[in-house]
Amino acid sequence: MTHITIVGSGPSAVHFALSVLKKGHQVVMVDVGESRPDPVSPEQSFNQLKMGLRDPAEYFLGRSFEAVTYPGTPGEYYGFPPNKRYVFLPPPNYHVEADGFSPLASFAQGGLAEAWTGGVYPFNEHEFRDFPIEYSQMQSCYSEVAKRIGISGLQDDLSAFMPMHDHILSPLNLDEHSEDLLQKYERKKSFFRGRLNCVMGRGRLAAISQPWLQRQACSYRGRCLWGCPQDSLYTPSLTLEECKRYESFRYAPGRYASHFRIDQHGRASHLLVDRLDCAGREEWALDKLVLGAGTLSTSRIVLESVRQRDGTILTLTGLMDNQQVLVPFVNLDFLGRAYSDVRYQYHQIAFGLINDDPCDYVHCLLTTLKSALVHPLIHRTPADMRFAIFLFRHLRAALGLVNVNLSDDRRSTNYVTLQNGDMKTDATLTIHYEPGGAHVNKVRQALRRVKSVLWQLNCVVPPGQVHVRPMGAGVHYAGTLPMCRERRPMAVSPNGQSYDFRNVYIVDGSTFPALPAKNITFTLMSNAVRIAQTNF
Ligand SMILES: Cc1cc2nc3c(=O)[nH]c(=O)nc-3n(C[C@H](O)[C@H](O)[C@H](O)COP(=O)(O)OP(=O)(O)OC[C@H]3O[C@@H](n4cnc5c(N)ncnc54)[C@H](O)[C@@H]3O)c2cc1C
Ligand code: SF4
């Protein structure tokens, strides 16, 4: 039996942990571990909550209206709801500065995916081209994770680009607007395939359409953004709870891992951990250390460990993220229609734009507007408030948003490093990102194609409303400690073992040597399972 210390409780870490617990190992999980508040009136739908709560403004907008997006605020179409703030609370020891990048980190039980939208898309054999592993090594791991988390979906045109695996449950009921769009695609499929190089189909969602492992099927309460009150939408804290049922598992929240001490044999001998209840610093002796703290935090821990050893400040190059572009649209066939708030809230349709190089596939998630906080949309309408509200009422059921995701690759211009630390405190994590030379063209081309697809669905994009999100907003971070076959510094083996520190394993996105356009988290979880099954 091996004693394994894991940092983090996000999707990568919990699926690694569950796999090694199943194999009989002893696990301690060190985590900052902010925890989520209890759900409010779980049986009520979005509109029932709005009508029934004693103070709905506080629930939806925050005690000091912190979730209000004020007129003139550029960019995003929605803010995070007040009850999700815990996901993004940083501990006092974490300092970050960024240039060309808007980093988001989570220190919550379950990590960033406590606030995710649950899109789960496996990479295909082409998308593993630059990995030192093959799709065939991942296939059973995708199935294993699907069994654990519950995934709904369907075999359709999209499956040619995102392989099927075991344990895919029947899809969720479509909302009327998404159904209309899919039907139009079906009617003109050969045009979409032949002329637009576009395939469309049902999204793969980590939300269950039938009871699954003691969780209830989605009952369409339309509260996904505020956190599913009945856990039909998967979050990693559910797997954390499963880990806690093992006697060989110890969860240690309220602790911030600063760095590991490196002994003269190049092994990690101790983990240096700051107690967040001000009880000082602890030193935990290590047998095997597994870093699953998310790409940015894992990189910081490695950098800080080297700095504490001999003062060396390294630069880890190759940081990646998916460029995301938000394209709002109006479906002309849905003007003046009614909408229902008892629907699944997030994207139920996805489409892909095919390119000559399969790794340049553009991944698009299509969300129709149902229950939501709509004030940011109303105040963007170019009209006075009264007319904007009138207009919005008639447009509402016809509105939707395409979230366009582009692939990224490792470049030496993009890096993380440290600055400004004495040896008693952690140095500041510093991030720098510059888009590649062809980036602007790639974005322009993708946008032109997305607009053509929408036009064929009888949808128009209102002028001036497209939003190119800042890099970092994609929150699919990867690439700083890549896996590769040959031994080299600041890299890991194909099985996640550090080439620099032999008893350190890395199970999050920092080890990905390439970043396809598809949402990364399903592959993070499955890769963590693969590493656990191969090494331990
Ligand atoms: C709004 C939103 C929507 C998203 N939607 C999707 C989606 O639809 N599909 C998809 O694939 N992905 C989505 N993502 C991205 C997804 O959430 C991340 O890819 C995923 O959570 C990364 O997992 P991780 O395990 O690597 O790290 P994280 O989720 O970042 O978890 C890090 C964990 O490590 C702990 N930790 C960090 N540093 C320390 C430290 N020094 N000491 C102790 N503990 C530490 C934290 O407490 C946390 O538990 C979304 C993200 C957001 C924010
Ligand atoms: S619609 Fe969303 S919040 Fe409601 S039950 Fe389904 S997953 Fe949960």
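Me: How do α4 and α12 sit relative to each other, parallel or perpendicular?
Reply: In this predicted model, α4 and α12 are roughly perpendicular to each other. Their axes cross at roughly 110 degrees and come within 8 Å; angles from 65 to 115 degrees count as roughly perpendicular.

Me: Which residues make the contact?
Reply: On α4, Q137, M138, C141, Y142, E144 and V145. On α12, F522, M525, S526, V529 and R530.

Me: And how does that contact divide into nonpolar, polar and charged?
Reply: Seven nonpolar, two polar and two charged residues.

Me: Back to α4. Which of its residues are buried?
Reply: M138, C141, Y142, E144, V145, A146, R148 and I149.

Me: What covers them?
Reply: The cover includes α1, β4 (151-152), β5 (168-169), α7 (236-244) and α12.

Me: What span should α4 have, and how far apart are its ends?
Reply: Helix α4 has 15 residues, 135-149, so at 1.5 Å a residue the span should be 21 Å. The end C-alpha atoms are 20 Å apart, which agrees.

Me: What happens just after α4?
Reply: G150 takes a positive phi there, about 80 degrees.

Me: Switching to ligand 1. How many residues surround it, and which are closest?
Reply: The shell has 39 residues, and G8, G10, G111, G294 and T521 are the closest.

Me: Which helices and strands supply at least two residues of that shell?
Reply: Those include α1 (11-22), β8 (255-262), α8 (295-310) and α12 (521-535).

Me: How do the shell residues divide by type?
Reply: Around ligand 1 there are 20 nonpolar, 17 polar and two charged residues.

Methods
Residues numbered from 1 in each chain as written. Chains lettered and ligands numbered in written order. Predicted model: local features only at pLDDT ≥ 70, side-chain atom pairs only at ≥ 80, totals over all residues. Near = placed C-beta within 6 Å. Helix = DSSP H or I, 4+ residues; strand = E, 2+ residues; numbered from the N terminus. Nonpolar A, V, L, I, M, F, W, Y, C, P; charged D, E, K, R; others polar. Expected span 1.5 Å × (residues − 1). Buried ≥ 20, exposed ≤ 12 C-beta atoms within 10 Å, placed from the backbone. Contact = placed C-beta atoms within 7 Å. Axes fitted to C-alpha atoms, helices over the stretch in contact; angles between N-to-C directions. Parallel < 35°, antiparallel > 145°, perpendicular 65-115°, else oblique.
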